[in-house]
Amino acid sequence: MGGDWRRLLEELEEAYLIVQRDVVRFHSRGACRLLGPRDLVGVPVSAMLSLEAAPARNRDNGGLLLGHPVPARFEGLALGSDGGVIPVEVHAWPTRFDGGEAVACTLLDLRAHRRTERALRESEEKMRVMLDSIADGIAVIDLYSRIVDMNRVMLRLYGYERREDVIGRSAFEFIPPRFHDVVIRNMYKTLEEGHSGNLEITLMNRFGHEYEAEISAAPLRDKDGMPIGFIAVTKDITERKQAEAELRYRLELENLIATISTNFINYTAAEVDPGIEAALQSIGEFVGVDRSYVCLQDPGGGTMSLA
């Protein structure tokens with residue numbers, strides 16, 4: 001190894017080792033920082049790197065450190081000078097050192113990576129709890145309309161119990177075909193304008209049962225601002241629609257009765273019979289029947305007869 005290269009490698013901040021016959025022959029400054037402030041030259045690799053705690057496939061790859069000719073990347077445990085255990089990723093490959101065969105390797109400290117992974121898992125768990133606590137359905141859909149994720153409410157609206165049974169399915173499986181064109185136009189609008197607005201539409205679950213829904217969506221973007229999908233909020237408005245329909249029916253009936261009553265107040269004697277027929281026709285049309293009648297009850301409350 002040339003003097004310039006040797007000095008360059010010695011100054012590396014990364015943990016870099018050259019091993020011959022299981023003994024460290026050269027190391028970088030970064031290796032001392034990771035494994036302890038000591039001279040590592042002459043120290044057996046087995047005294048500072050344990051593969052026993054690694055999965056079997058990684059232990060097999062560790063043979064390269066003893067001269068196996070195939071480059072390998074695997075995880076193991078590095079042993080610091082203070083006896084502490086450090087999870088590391090080892091990348092090893094064949095090389096030559098001072099005219100003989102050797103193995104070069106780098107050791108990547110995984111502690112920060114593991115902390116990041118743990119923090120990410122905790123963050124994902126908190127996000128999942130938060131999403132599952134929302135009363136509306138929330139779904140993440142990619143640009144190909146495939147369902148990527150959803151909260152518990154949306155899962156129930158789909159008619160499933162397990163997320164695994166829904167992820168990867170097309171969102172159009174849960175939209176009646178007669179509304180497909182409307183939804184496609186709305187997806188383009190969402191990408192162009194940055195939001196969909198509130199779209200009232202009929203959806204269906206896995207069993208084909210239809211329900212009224214209100215959907216609002218926004219684009220999901222990557223770190224460069226490019227769209228990678230949609231996040232959609234779905235509200236089941238079936239009960240609201242039913243309540244609105246009942247209210248409209250009641251108001252229209254009240255208006256009809258008020259109109260008939262006003263007309264009868266202003267009728268002359270000659271206009272009463274035609275007015276009754278007109279009122280019966282209006283009531284029949286309102287309730288959707290072919291015929292309607294007026295019945296007279298005798299003063300004693302016993303019998304009734306058609307007028």
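In what order do the strands of the open sheet of six strands lie? The order is E2-E1-E6-E5-E4-E3, with antiparallel pairing. This is a predicted model, in which local features need pLDDT of at least 70, side-chain atom pairs count only at pLDDT 80 or more, and totals for chains, interfaces and linings use all residues. Residues are numbered from 1 along each chain as its sequence is written, and side-chain values use heavy atoms, with hydrogens and water left out.

**The chain as a whole**

- The protein chain contains eight helices and 13 strands; helices (H or I, at least four residues) and strands (E, at least two) are DSSP runs, numbered from the N terminus.
- Of the 307 residues in the protein chain, 32% are buried, where buried means under 20% relative accessible area, exposed over 50%, and partly exposed in between (1.4 Å probe, protein chains only).
- Among contacts (heavy atoms within 4.5 Å) with a separation of 6 or more, 37% are between residues 24 or more positions apart.
- The chain exposes about 19,500 Å², of which carbon and sulfur atoms supply 54%; accessible areas come from the Shrake-Rupley method with a 1.4 Å probe, and for residues only the protein chains shown count as cover.

**The open sheet**

- Strands of a sheet pair through backbone hydrogen bonds, either parallel or antiparallel.
- Two strands count as paired if DSSP finds at least two bridges between them.
- E3 is joined to E4 (residues 72-79) by two bridges in the antiparallel sense, and Ser50 stands opposite Leu77 in E4.

- E9 (residues 199-204) and E10 (residues 210-221) pair in the antiparallel sense over six bridges, with Thr202 opposite Glu212 in E10.
- Five residues lie between the strands of the E9 and E10 hairpin, where Gly208 takes a positive phi near 85°.
- E10 also pairs with E11 (residues 227-236), in the antiparallel sense and over nine bridges; Ala213 stands opposite Asp236 in E11.
- The hairpin of E10 and E11 has five residues between its strands, and Gly225 in the turn has a positive phi of about 85°.

**Aromatic pairs**

- There are five aromatic pairs, a pair being rings of Phe, Tyr and Trp (its six-membered ring) with centres within 6.5 Å; planes under 30 degrees apart count as stacked, over 60 as edge-to-face and the rest as tilted.
- One of them is the tilted pair of Phe26 and Phe97, at 6.4 Å centre to centre and 40° between the planes.
- This pair links distant parts of the chain, Phe26 in E2 and Phe97 in E5 (residues 85-97), 71 residues apart; both residues are buried.
- The ring centres of Tyr158 and Phe174 are 4.3 Å apart with planes at 40°, so this pair is tilted.
- Tyr158 belongs to helix H5 (residues 152-158) and Phe174 to the loop between H5 and helix H6 (180-193), so the pair ties together parts 16 residues apart in sequence; Tyr158 and Phe174 are buried.
- Ring pairs link Tyr16, Phe26, Trp93 and Phe97 into a cluster.

**Asn205 and its surroundings**

- Asn205 is placed in the loop between E9 and E10 and is buried, with a relative accessible area of 14%.
- The side chain of Asn205 reaches the backbone nitrogen of Phe207 at 2.9 Å.
- Leaving aside neighbours within four places in sequence, Asn205 is in contact with Leu157, Tyr158, Gly159, Phe174 and Tyr211.

Technical notes
A polar contact is a pair of N or O atoms within 3.5 Å; within protein, one must be able to donate a hydrogen and the other to accept it, and residues adjacent in sequence count only if both atoms are side-chain atoms.
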